[in-house]
Amino acid sequence: MPFLIERRQVLLKLEAVPGTAETIAAADNLPRTRNIKISPASLQVDRPTNRATLTNFPKLSPGQITHEVTFQVEMGGLPGNPQTTFAEPNWSKALRACAFTHQGARELTIGAITGGPFRHGELVTQTTSNATGTVVGDTFTPTPALFLTVVSGSFTTTAGHILTGGTSGATTAAPSVVSANTYNTWKLTSDVLGMASATIEARVDGKILKLRGCRGTVEWQMQHGDIVLMSFTFRGSQVSYIDGAVFTTGLQDSQFTPPAFFNPTFTLSDGTVTAASGNITTINYALNNAIVNRENSISTSGDGIDQIYITDRAPTGSFNPEEVINTVYNFMAAYKSGLAQRLRLIVGGTSGNRFHFLTPGLLFTGLGDADRDGIMNWDGSFDITGGEYGSGLAGSDNEIVVIGN
């Protein structure tokens with residue numbers, strides 16, 4: 001019988017013990033996936049022995065095999081009221097296996113910031129109420145929202161209750177609104193012990209490939225009018241490859257149609273001049289994690305692999321803004337200066353199906369003169385880094401912060 005390409009599923013479950021396979025159920029599926037592909041790689045060792053013939057000696061295959069699984073996921077919200085219930089979409093688990101952590105956060109509507117920005121990861125304290133919280137994403141004036149993971153107490157809107165950053169010293173007046181809801185947030189970590197691993201099953205019509213100890217990387221791809229897509233690449237050690245069917249019941253799905261890249265909030269700033277809007281039709285963010293096999297000759301698994309590890313990352317991005325006058329934004333000066341810029345992007349307008357992408361430090365690495373329907377635009381590329389806005393301080397691991405509200 002033929003195995004149909006369209007009848008494929010990816011199921012993913014975070015491992016309680018990293019590297020130890022979990023039991024997969026239908027509810028572990030990643031909903032609305034596309035372009036699922038599997039690529040096996042077996043360790044094969046050359047044997048260049050001296051011999052009387054030029055015919056090569058067969059390679060040694062000790063039995064170590066890993067697989068890369070690549071796929072795309074539509075980025076959409078969950079049924080119900082996820083910002084109230086703090087429900088985690090299944091695709092969130094895939095982000096967590098790419099060195100993201102998942103927490104809840106409250107949104108505080110604030111005014112002007114003095115001495116800012118508030119630094120990602122720093123502790124903020126409110127006078128009088130003594131409430132404390134950890135900042136999620138660097139927060140600059142004129143951004144109206146400060147996202148905090150509450151540590152203790154309850155933030156108040158009472159006048160005079162000032163918010164102060166413990167590391168930056170930034171201050172702002174009492175918020176005018178404190179959300180009653182808890183939002184989903186995804187933040188990077190550099191702590192190996194804090195990086196989740198996953199068991200993955202790729203069900204390809206009549207076969208089931210099961211992998212353990214999986215970790216990976218992700219790229220967000222946004223095209224004009226199209227759904228926001230997350231492209232994942234995972235590597236894992238093979239547990240089994242057996243006959244078996246795809247799941248047809250008990251699957252998780254999204255209620256919302258995932259937001260399209262259409263009418264987003266786009267704010268690009270050099271710290272002084274801000275392009276609050278700009279004509280762009282595409283933007284991509286790539287995490288570029290370095291994914292490596294941790295080989296172990298005495299591994300009890302018998303396949304020579306302990307786990308797959310993430311040992312480095314070098315995030316990059318690209319977009320295609322139209323050229324504008326310098327008083328709106330000077331792309332050439334930003335490119336020439338080598339100074340970090342910052343970018344805030346909000347996609348989606350429905351509560352529970354809206355996503356913020358915060359990149360407080362990006363460095364232009366290329367500007368190409370491009371033509372979009374007869375209008376000049378830049379074919380821009382950039383490195384994503386905390387830069388002078390926080391990397392190495394309280395803002396470490398702040399390259400890309402994603403908030404779902």
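Student: Why does Arg 7 count as partly exposed?

Tutor: Its relative accessibility is 40%. Buried requires under 20% and exposed over 50%, so Arg 7 falls in between and is partly exposed. Note that this is a predicted model.

Student: What makes the pair of Asp 205 and Arg 7 a salt bridge?

Tutor: The N to O distance between the two side chains is 2.9 Å. The limit for a Lys or Arg nitrogen and an Asp or Glu carboxyl oxygen is 4 Å, so the pair of Asp 205 and Arg 7 qualifies. Side chains of opposite charge can pair when their charged atoms come close.

Student: Why can the pair of Asp 205 and Arg 7 be said to tie together parts of the chain?

Tutor: Asp 205 sits in the loop between strand S12 (198-204) and S13, and Arg 7 in the segment before strand S1 (8-14), so the pair ties together parts 198 residues apart in sequence.

Student: Is Asp 205 buried or exposed, and how do you know?

Tutor: Asp 205 has 8% relative accessibility, so it counts as buried, the cut-off being under 20%.

Student: How many salt bridges does the rule give?

Tutor: The count comes to 12. Another of them joins Lys 59 and Asp 46, whose closest N and O atoms are 3.7 Å apart; that is within the 4 Å limit, so this pair counts too. Both Lys 59 and Asp 46 lie in the loop between S2 and S3, so the pair ties together parts 13 residues apart in sequence.

Student: Why do Lys 59 and Asp 46 carry the labels they do?

Tutor: Lys 59, at 48% relative accessibility, is partly exposed. Asp 46 has 53% and counts as exposed, because exposed means over 50%.

Student: Which residues have the most contacts inside the largest nonpolar core?

Tutor: That core has 55 residues, and those with the most contacts inside it are Trp 220, Met 222, Phe 232, Phe 234, Tyr 285, Phe 357 and Phe 364. Its largest share, 6 residues, comes from strand S13 (residues 207-223). Beyond its neighbours within four places in sequence, Trp 220 is in contact with Met 75, Leu 95, Phe 100, Tyr 285, Phe 357 and Val 402, among others. Another core lies apart from this one; it has 12 residues, including Ile 110, Ile 113, Val 135 and Leu 148.

Student: Which residues make the nonpolar surface patch?

Tutor: Leu 43, Val 45 and Leu 60 make a patch of about 220 Å². A patch residue needs over 30% relative accessible area; Leu 43 has 31%, so it passes that cut-off, and it counts as partly exposed. Leu 43 lies in the loop between strand S2 (33-42) and strand S3 (65-74).

Student: Why is Thr 101 called buried?

Tutor: Thr 101 has 19% relative accessibility, so it falls under the 20% cut-off and is buried. Thr 101 belongs to strand S4 (residues 100-109), and a polar contact of 3.0 Å joins its side chain to that of Gln 103.

Student: What is the peptide bond from Gly 116 to Pro 117?

Tutor: That bond is cis, with omega near 10°. Pro 117 lies in the loop between S4 and strand S5 (123-126). Most residues other than glycine have a negative phi, and most peptide bonds are trans.

Student: What is the phi of Thr 128, and what is the phi of Asn 263?

Tutor: Thr 128 has a positive phi near 70° without being a glycine; Asn 263, also not a glycine, has a positive phi of about 55°. Thr 128, with 60% relative accessible area, is exposed, and so is Asn 263, with 73%.

How values were computed
Residues are numbered from 1 along each chain as its sequence is written. This is a predicted model: local features need pLDDT of at least 70, side-chain atom pairs count only at pLDDT 80 or more; totals for chains, interfaces and linings use all residues. Side-chain values use heavy atoms; hydrogens and water are left out. A nonpolar core is a set of buried Ala, Val, Leu, Ile, Met, Phe, Trp, Tyr and Cys residues joined through side-chain atoms within 4.5 Å. Buried means under 20% relative accessible area, exposed over 50%, partly exposed in between (1.4 Å probe, protein chains only). Helices (H or I, at least four residues) and strands (E, at least two) are DSSP runs, numbered from the N terminus. Contact means heavy atoms within 4.5 Å. Patches are made of residues with over 30% relative accessible area and no salt bridge: like charges are joined within 9 Å, nonpolar side chains (Val, Leu, Ile, Met, Phe, Trp, Tyr) within 5 Å. Accessible areas come from the Shrake-Rupley method with a 1.4 Å probe; for residues, only the protein chains shown count as cover. A polar contact is a pair of N or O atoms within 3.5 Å; within protein, one must be able to donate a hydrogen and the other to accept it, and residues adjacent in sequence count only if both atoms are side-chain atoms.
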